[in-house]
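Dear colleague,

Please find below the structure for your records. My notes on its helices and strands follow.

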Amino acid sequence: MSDSDAALAALYQPRIRDHAARVRADRRLATPDVTVTCRSPVCGSMLTLDLLFQGDRLAQIGWKARACTLGMASLGIVTRAGIGQTESQIAEVGRQLSAMLEGETVAFPDPWGELDLFCAARSFPTRFGSILLPFQAIAQGFAEAN
């Protein structure tokens, strides 16, 4: 197995595929506070998120995702860990994820620990946009709601 084959195998590990499978089927919200659509210009991954807020916290997320496995896996983690979080908490985790992808050592706060599995994506900068897409969409949703 070549180095690039080994890197791809590490990237598409079963945990990534499991997180992606959780959001494979669309689950839209009937009455969201805001709906946002974001697209990664590099790979074409696209997410439409329905967001419902309770005060300054994210209360519910609905989705329609047309993204690669990595974008779907990121969304799968965000749909669980993001509930109950504030705009600044989610934005900070997004910054930490970006820093980790760029090579920094990061310790994600609870409940975001699963994001560490994206360490394997460091060698694939063309995938960063898709992995960060849910964070971009949520930031846009908070901005539109305010």
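The crossing of helix 2 and helix 3 is left-handed, a term used when the near helix is turned anticlockwise from the far one by less than a right angle. This is a predicted model, in which local features need pLDDT of at least 70 and side-chain atom pairs count only at pLDDT 80 or more, while totals for chains, interfaces and linings use all residues. Residues are numbered from 1 along each chain as its sequence is written, and side-chain values use heavy atoms, without hydrogens and water.

Helices are DSSP runs of H or I with at least four residues, and strands are runs of E with at least two, numbered from the N terminus.

In contact (heavy atoms within 4.5 Å), helix 2 contributes Ile 16, Arg 17, His 19 and Ala 20, which meet Thr 69, Leu 70, Met 72, Ala 73, Gly 76 and Ile 77 of helix 3.

Turning to the strands, strand 1 (residues 34-39) runs antiparallel to strand 2 (residues 46-54), joined by 6 bridges; pairing requires at least two DSSP bridges. Cys 38 has Leu 47 in strand 2 as its bridge partner. The hairpin of these strands has 6 residues between them, and Gly 44 in the turn has a positive phi of about 85°.

Strand 2 also pairs with strand 3 (residues 57-66), in the antiparallel sense over 9 bridges. Here Gln 54 is partnered by Arg 57, and in this hairpin, with 2 residues between the strands, Gly 55 takes a positive phi near 65°.

Yours sincerely
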